[in-house]
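Morning, everyone. I have one structure to walk you through today. Here it is on the screen.

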Amino acid sequence: MANLSELDLQNLRHLIGGYDTTHCKIKEYASCAEDPKVKQFFEQGAKSAMENKQQLMKFLQ
C-alpha cells in the first residue's frame with residue numbers, strides 16, 4: 001500500500017468515526033423499532049455501516 005498523507009489519515013479518521021456513529025445510532029433505532037420490516041431495515045443499515053468502517057480500517061493496517 002502506498003504511504004498515506006496526513007490529509008488522507010484525517011479523512012479516514014473522519015469517515016471511520018462517521019460510520020461508527022452511524023452504526024451505533026441505527027442499531028439503537030433497530031432496537032426501538034416494533035415493526036419487523038422497519039427493524040430489519042435498520043439492522044441492515046447498521047451492518048452496512050460496520051462493514052464500511054471495517055473496510056476503511058484496512059487502510060490503516
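This is a predicted model, so keep that in mind. Let's start with the aromatic rings. How many aromatic pairs does a search of the whole structure find? The search gives 2. Take phenylalanine 41 and phenylalanine 42. Their ring centres are 5.5 Å apart, and their planes meet at 65°. Edge-to-face pairs have planes over 60 degrees apart, so this pair is edge-to-face.

Is phenylalanine 41 buried or exposed? Its relative accessible area is 57%. The cut-off for exposed is over 50%, so phenylalanine 41 is exposed. Phenylalanine 42 has a relative accessible area of 22%. Buried would need under 20%, so phenylalanine 42 counts as partly exposed.

Now the overall fold. The protein has 2 helices and 0 strands. Its radius of gyration is 14 Å. For 61 residues the globule rule gives 10 Å, and 14 Å is well over that, so the protein is more spread out than a compact globule. Along the principal axes, the C-alpha atoms fill a box of roughly 45 × 15 × 10 Å. How much of the protein is buried? Buried residues are 16% of the 61.

Next, contacts along the chain. Consider those between residues at least 6 apart in sequence. Of these, 61% link residues at least 24 apart.

On to helix α2. It runs over residues 36–57, which is 22 residues. From first C-alpha to last it reaches 31 Å, close to the expected 32 Å. Which residues of α2 are buried? They are Ala46, Ala49, Lys53 and Leu56. Looking down the axis of α2, the buried residues fall within an arc of 90°, so they line one face of the helix. What do they pack against? Their partner is α1, residues 6–32.

Now turn to the face of α2 pointing away from the buried side. Exposed residues sit there: Pro36, Lys37, Gln44 and Lys47. Look at the start of α2, too. A side-chain oxygen of aspartate 35 comes to within 2.7 Å of the backbone nitrogen of lysine 37.

One last stop: glutamate 6, in helix α1. Its relative accessibility is 61%, so glutamate 6 counts as exposed. Compare its position with glutamine 40, 34 residues apart along the chain. The two C-alpha atoms are separated by 38 Å.

Definitions and conventions:
Residues are numbered from 1 along each chain as its sequence is written. This is a predicted model: local features need pLDDT of at least 70, side-chain atom pairs count only at pLDDT 80 or more; totals for chains, interfaces and linings use all residues. Side-chain values use heavy atoms; hydrogens and water are left out. Helices (H or I, at least four residues) and strands (E, at least two) are DSSP runs, numbered from the N terminus. The expected span of a helix is 1.5 Å times one less than its number of residues. Buried means under 20% relative accessible area, exposed over 50%, partly exposed in between (1.4 Å probe, protein chains only). The arc is that of the directions from the helix axis to the C-beta atoms. Contact means heavy atoms within 4.5 Å. A polar contact is a pair of N or O atoms within 3.5 Å; within protein, one must be able to donate a hydrogen and the other to accept it, and residues adjacent in sequence count only if both atoms are side-chain atoms. Rings of Phe, Tyr and Trp (its six-membered ring) pair if their centres lie within 6.5 Å; planes under 30 degrees apart count as stacked, over 60 as edge-to-face and the rest as tilted. The radius of gyration is taken over C-alpha atoms; the globule rule is 2.2 Å times the number of residues to the power 0.38.
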